[in-house]
Amino acid sequence: MFALLNKFRRSEDGIAVTELAVVTPIFLLMFLSTIELGHMIWYSITVEKGLRSAVTYAGRVELHDAETIQQTKNIVMTGGPTGTAPYLVSGWSDPAASVIFSQRVYTQPMTGGSEDIAEVVTSVTADVPYVPVVGVLVPALEYLMKTNFHDGQLYITLTHEQAIIGN
């Protein structure tokens, strides 16, 4: 009986399978995390590009009425002022996604002059939920980035500003 146990203990058959069983989940987690991180970067860049286009458009328009504000929001979400194109990222279909349009006047005192310089600046903020591909990183990110989570969902929040320069 002891001879059989000794033979089993000294046998090296199956060592490669055991190593593979230990290492595979680690490599799989690394692979899926890389895919998720790449998608998250693409997602953020896409939202930022739409936001940058919208704030550039808003900076070229001097009168911001309800129509031009809606066109600005459409550019953020779809890339076009009509809003008929598909969303740039899938998170815009979520009712919790938002685009906030605001204007501020910044004044700078002129030295040696009598008048202050006043500049109107348009600010557009996008707050869109991130839709994960795999969802591997979401629990870790929730632990690390608590401020970007609302109701258990990761949000991409970006703001751009542009001085109104007109046509």
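**Close-up 1. Helix H3 and the residue that follows.** H3 is followed by Gly 79, whose phi is positive, near 90°. This is a predicted model, in which local features need pLDDT of at least 70 and side-chain atom pairs count only at pLDDT 80 or more, while totals for chains, interfaces and linings use all residues. Residues are numbered from 1 along each chain as its sequence is written, and side-chain values use heavy atoms, with hydrogens and water left out. Helices (H or I, at least four residues) and strands (E, at least two) are DSSP runs, numbered from the N terminus. The 13 residues of H3 (residues 66-78) should span 18 Å at 1.5 Å a residue, and the end C-alpha atoms are 18 Å apart, which agrees; the expected span of a helix is 1.5 Å times one less than its number of residues.

**Close-up 2. The buried residues of H3, with Thr 72 among them.** Buried means under 20% relative accessible area, exposed over 50%, and partly exposed in between (1.4 Å probe, protein chains only). In H3 the buried residues are Thr 68, Gln 71, Thr 72, Asn 74, Ile 75, Val 76, Met 77 and Thr 78, and they pack against helix H2 (15-60), strand S1 (98-108) and strand S2 (117-129). Thr 72 has a relative accessible area of 1% and is therefore buried. Leaving aside neighbours within four places in sequence, Thr 72 is in contact (heavy atoms within 4.5 Å) with Ala 54, Tyr 57, Ala 58, Phe 101 and Val 124.

**Close-up 3. Helix H2 and its bend at Val 23.** H2 has 46 residues and reaches 68 Å from its first C-alpha to its last, close to the 68 Å expected at 1.5 Å a residue. The helix bends by about 35° at Val 23, and a proline, Pro 25, follows within four residues; the bend at a residue is the angle between axes fitted to the seven residues ending there and the seven starting there. The buried residues of H2 include Met 40, Tyr 43, Ala 54 and Ala 58.

**Close-up 4. The aromatic cluster of Trp 42, Tyr 43 and Tyr 130.** Rings of Phe, Tyr and Trp (its six-membered ring) pair if their centres lie within 6.5 Å, and planes under 30 degrees apart count as stacked, over 60 as edge-to-face and the rest as tilted. By this rule the count comes to 2 aromatic pairs. Trp 42 and Tyr 43 form an edge-to-face pair, 6.4 Å centre to centre with 70° between the planes. The rings of Tyr 43 and Tyr 130 have their centres 4.9 Å apart and their planes at 85°, so this pair is edge-to-face. Because Tyr 43 lies in helix H2 and Tyr 130 in the loop between S2 and helix H4 (138-144), the pair ties together parts that are 87 residues apart in sequence. Tyr 43 and Tyr 130 are buried, whereas Trp 42, at 44% relative accessibility, counts as partly exposed.

**Close-up 5. The salt bridge between Arg 104 and Glu 161.** The structure holds 1 salt bridge, defined as a side-chain nitrogen of Lys or Arg within 4 Å of a carboxyl oxygen of Asp or Glu. The side chains of Arg 104 and Glu 161 meet at 3.1 Å, N to O, and the pair links distant parts of the chain, with Arg 104 in strand S1 and Glu 161 in strand S4, 57 residues apart. Arg 104 is partly exposed at 41% relative accessibility, and Glu 161 is partly exposed with a relative accessible area of 42%.
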